[in-house]
Structures are given as structure tokens and as C-alpha cells.
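Morning, everyone. Let me put the structure up.

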Amino acid sequence: MADVVLALMRSFASLRRGRIWLYVLAPALFSLVLWVALAVWGLGFLVEWLLGNPPMTILIGWGVAWLATVLAYTGAWMAIFAGAYLTTSLLAAIVIMPLMLKQLAEADYRDVAPMGKDSFTAAAVNSIFASILFIVGWLLTLPLWIIPGLSLILPLLLMAWLNRRTFAYDALSMHATEVEWQSLRGQHKGSMFMLGLTMALLAHIPIIGLLVPALAALSFVHYGLETLRRSRCGAIVTIVGERE
């Protein structure tokens, strides 16, 4: 847990740099404009679809149509929020993460040698695949949201998983070898999930929610590079020529 707190403290300290704020704000503003437009156009259709399918039809059959309507609107807005968060996460992972990683590596982790494959394609595929699994998980668990409490818990767990799956790999792909990545993933899986869960909790705070994916990317860069530095026992490695 101490490593998670350290990563968060360093992330907030990094916000003193103007360029980091640009990286944080850009994907959030793009997603906000996009999904507000989609909400204006498609909210009614989404609510109507939810009301016409289980479990809302079951509630209507029980004579509590008002509850079905409330839950349908809640589900529709949660879907819009999830879509906005997912869009911001993809932009943060594919576009913003490499820029953020380059700046932080040069400024704060120059002693951590880049020994990975630096594969933009692999990182993009990882992010897209994680997003697909997130959507599938969201759809499969949607009927469970009528159970009191699960409508809050399930989105948190799904977002925590998405954060860990997306940003943990992307933060280390350029610097860690395959052996190092497998080792760190095994040793720090729980802490990485806790970091992802912390970011998921912040995502539910009004106004700043859409800033969280980029902040998650920032925190996972700090977490990943610091744990990699410690795993190498602080050794400074110089790479000459191309990476293998």
C-alpha cells in the first residue's frame, strides 16, 4: 500500500508541470464534447431500449414501473459515463501515455534504462482488448445492478480492472523486459489493482471524473518505473545501440 501512496503523491506533484496538465485535460475535453453530443441525441433511445428488456420488463410486470423508469435512466446515464470514461481511457493509453512516459522518464527516472520492446502496436492492442473486455463485462453484469449496492460496486470493480489492465502494461512496456514485466505483474498485482481502484473511486467524483484516466496513466507510470527501479536494486544500466 505504501507504494500506491507514493505513486499518488508523485502524480499530484507532477501536476505542477504545465505540460502534464495539457496531457490530463486534452482527452477529457474531447470525450466530454463527444459524449454530451451523443447523450443529447441518444439518451431517449437508450432509456426506451432498457425499459423494453429484462430486468426492467420484470419490474414493470410486478407493477413498479416507476422504479423501472428510474433504474432505466440511471442505467442510461451510467452507460454514457462508462462510454466517456472508456473513450478517455483509450485516448490516455494510446495517445497521451507515450508522451507522458517520455517526459517523466527523462525528468524523474533517467536511471531506469529502457530495456523493453517499446512497441506502440502492442500497447494499443492491449488497450483496445481491455476496452472490449470492459464493455462485455459491463453488459453481462447490467442485470445485477437492480440488486441494492451492486450498481455502485460493480462499476468500481470494472473500472479498477480496466485501469490496471490498460495502464500497468503500457507504463512498463518500453522500460521492462518481458521477464521483468512478468515478475512485476506477479509480485504487484494486488497493489496495481488497488491503484486502479483508487482511480476508479476518484472517477465518481463530479467534475474531475473524466480527468481520472490521464491521472491513472500518470500514477501507473510513477508506480511502474519506481517498482522497476527497485527491482533492479537501483542499478544504472547503459544501453548502447538498438534494444534487443
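Start with isoleucine 94. Its contacts, leaving out residues up to four places away in sequence, are Phe120, Ala124, Ser127 and Ile128. Keep in mind that this is a predicted model. Isoleucine 94 sits in helix 4, residues 65-108. One distance for isoleucine 94: its C-alpha atom lies 9.2 Å from that of threonine 121. Those two residues are 27 apart along the chain.

Second stop, helix 7, residues 178-187. Which residues of helix 7 are buried? Glu180, Trp181 and Leu184. They span an arc of only 100° around the axis, so they lie on the same side of helix 7. The general rule is handy here: an α-helix has 3.6 residues a turn, so residues three or four places apart point the same way.

What covers those buried residues of helix 7? The cover includes helix 6 (150-172), helix 8 (189-203) and helix 9 (212-231). Now the face of helix 7 turned away from the buried side. Val179 and Gly186 are the exposed residues carried there.

Last, zoom in on glutamate 180, in helix 7. Its relative accessible area is 17%, so glutamate 180 is buried, the cut-off being under 20%. What does glutamate 180 touch, leaving aside neighbours within four places in sequence? His175, Leu228 and Arg232.

That's my part. Over to you.

Terms used:
Residues numbered from 1 in each chain as written. Predicted model: local features only at pLDDT ≥ 70, side-chain atom pairs only at ≥ 80, totals over all residues. Heavy atoms only, no water. Helix = DSSP H or I, 4+ residues; strand = E, 2+ residues; numbered from the N terminus. Contact = heavy atoms within 4.5 Å. Buried < 20%, exposed > 50% of the residue type's maximum accessible area, 1.4 Å probe, protein only. Arc of directions from axis to C-beta.
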